[in-house]
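Hello,

Here is the structure I promised to pass on to you.

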Amino acid sequence: MQIPRLHPDTIAQVKERADIVDVVSERVVLRKRGKEYVGLCPFHDEKTPSFTVSPGKQMYYCFGCGTGGSAIKFLMEVEKQSFSEVVFDLARRYQVPVQTLEPEQRQELQRQLSLQEQLYEIVALAASFYQHALRQPQGQQALEYLQSQRRLDEETIQQFQIGYAPATWETLYRYLIEQKGKPVQLVKDAGLILPRKSGDGYYDRFRDRIMIPIHDRLGRVIGFGGRSLGDELPKYLNSPETPLFNKGKTLFALDKAYNAIGDKDQAVVVEGYFDAIALHRVGIQNVVASLGTALSLEQMRQLLRYSESKQIILNFDADKAGTTAAERAIGEIADLAYQGQIQLRVLNLPDGKDADEFLTHTPDGAKQYQQLLQNAPLWLNWQIDQLLIGKDLKQANQFQQVAQKIVKLLYQLEDINQQTYYIDYCAEKLSRGEAQMIPRLIQIFQTQLNKLRQTPIKKNEKSNLNQKNLPVSIDLSISQEHSLLEEAEALLLRIYLHRPEYRQTIIETLDTKDLLFSLAPHRFLWQQILDLQAIAQPILSQQPEKLISLLQDRSIQFPEEMVMVEHLFHLNEKRIEDITRTPLAIRSAAACLEVVTWNKHKRYCLEKWQNLNIATDPNRKDYYSEGIKEAYKRLQELQKMRQANMLDIHKFTPI
């Protein structure tokens with residue numbers, strides 16, 4: 001869809017309604033830490049979370065790679081979309097009316113929006129049609145199947161809007177196109193009909209099947225899952241990929257489960273539609289189902305949004321296919337699990353039953369199922385048990401294979417306490433009940449893990465940290481000047497951005513000492529600050545903290561320039577410490593700027609003095625000589641001032 005230029009009112013409303021935590025948590029697993037959220041950065045590889053999301057500032061920032069911005073910028077980076085595309089998608093998501101700048105484009109935009117709304121209407125009509133057909137004579141067999149074999153009551157059938165697709169070839173086609181007047185192309189785009197291979201015309205995709213509507217998070221029908229009543233294969237047939245439906249991004253029953261997931265702080269994932277429906281029927285509502293595909297990382301992230309403790313239980317079938325599905329799901333989020341970012345458990349029901357069978361054939365099945373959920377083993381325990389299935393540990397080769405695979409699993413654990421626990425756990429598992437073997441096995445595991453950790457240590461380049469902690473000498477090289485300027489200017493700008501009560505102090509200090517920002521990125525940012533102070537004074541006087549978000553809005557207009565100063569909008573622990581004793585920090589930073597200014601003046605005078613001819617211009621020689629002396633004197637004074645400030649603020653150190 002070609003997105004026209006959007007009206008500023010639309011952009012402003014989207015920024016107001018789009019929540020940064022809501023947007024980011026769809027793609028990053030976030031855990032609350034104080035007032036902020038942290039997770040693994042999606043823009044670079046890391047094992048320790050350095051990606052921070054601030055609800056108060058409505059911004060994200062990664063202290064690892066330096067990327068940061070608003071919800072809009074995050075989606076632009078992740079989805080590789082334009083500003084207008086992201087704003088447009090967010091407007092639809094948060095139900096913001098879309099206005100455009102060009103009146104002639106509004107009609108086309110409304111037409112395209114209307115097409116999508118028509119698709120929603122068509123699949124909703126199809127759902128109603130299938131529900132009606134279930135109550136007709138042709139749907140009697142399907143209804144009896146639901147009631148007798150699936151033991152679904154009327155309330156559950158209505159809740160999930162279950163229906164029936166007649167066995168005839170063109171019933172839905174005629175209903176939607178001939179009776180309701182829907183365009184053939186749109187009905188086809190909705191995935192409900194197929195063109196005939198020979199000749200003209202279309203036929204219904206779903207025939208003689210129990211129809212289970214699939215809803216999006218907002219409860220709108222977007223597709224269907226159809227179960228055959230006869231021998232037709234496949235037994236389960238999903239809607240194809242459509243503008244509304246993407247099975248790799250959709251979870252069945254999430255619209256009915258997300259509140260319960262939040263209340264119980266736990267999400268349960270089952271394989272089949274009827275497993276999820278059966279569990280909801282008995283009051284276990286924190287349950288969703290995958291759609292016949294391997295559970296994707298995107299689907300897992302959707303669930304993790306609603307669980308504060310990030311707990312997911314996989315209840316897949318105990319057969320080979322179910323085990324494979326569980327292993328694939330674990331693989332999708334293995335890094336997060338190894339790092340302890342999520343609580344992942346795997347539940348295999350007794351006798352290889354699925355959830356529907358278990359509830360049907362187990363006395364007090366709902367209570368028993370709840371008990372099994374509470375006792376579900378952690379994913380690593382489950383994986384270790386899987387390694388032992390069918391293995392004869394009395395056979396040396398099989399024992400060795402299992403032990404090697406266990407070491408590879410344990411090596412991935414980053415928490416030393418967790419690793420120690422599992423070393424003992426695995427030693428006990430492999431001891432076959434012989435207690436005297438356990439200490440030997442523990443030693444073997446520890447030895448093998450230590451070997452894996454022993455990688456050659458590369459010599460780092462000579463560090464200049466000690467040099468950075470030393471007072472700045474009177475004579476500075478050009479590179480030293482640049483380093484000093486970079487940190488001093490950055491410190492003043494950080495204080496200005498994050499400590500509004502000191503903004504006037506910084507302005508007065510710069511004016512009094514006649515100081516300017518010399519580095520281009522800092523000079524650019526300072527100009528943007530001054531511009532905003534002039535045009536947004538009423539807002540900033542009431543909400544001074546809004547300055548950062550207003551500046552970030554300019555990243556659309558000046559993307560390259562704003563990238564250079566993005567890191568100044570965020571504080572890590574070190575930077576928070578830097579600005580804690582703010583008056584001293586301001587004085588020290590200003591002194592650094594003066595040092596550079598006088599050092600440049602000294603170098604200029606020295607160069608001129610060396611190149612002058614005393615015979616032809618004796619007065620200029622004296623002038624530059626006095627300039628050099630004055631510069632040295634002022635630099636010595638500034639040096640003493642900076643040394644005193646360094647002692648007070650634990651040394652101001654250039655980076």
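Two or more lining residues each come from α1 (8-17), α3 and α26 (547-553), with α1 giving the largest share, seven residues. By type, the lining of the second largest pocket divides into 12 nonpolar, seven polar and nine charged residues.

This is a predicted model, in which local features need pLDDT of at least 70 and side-chain atom pairs count only at pLDDT 80 or more, while totals for chains, interfaces and linings use all residues. Residues are numbered from 1 along each chain as its sequence is written, and side-chain values use heavy atoms, without hydrogens and water.

Some terms: a pocket is an open set of points on a 1 Å grid over the protein atoms alone, where a 1.4 Å probe fits, with protein on both sides within 12 Å along at least five of seven lines; lining residues have an atom within 4 Å of a point. Volume is the space filled by probe spheres set on the points, which are joined across faces, edges and corners. Ala, Val, Leu, Ile, Met, Phe, Trp, Tyr, Cys and Pro count as nonpolar, Asp, Glu, Lys and Arg as charged, and the others, Gly among them, as polar.

Now the largest pocket: its volume is about 1800 Å³. Among its 47 lining residues, Glu26, Asp89, Arg93, Tyr120 and Arg220 are the closest to the centre.

Best wishes

Methods. Helix = DSSP H or I, 4+ residues; strand = E, 2+ residues; numbered from the N terminus.
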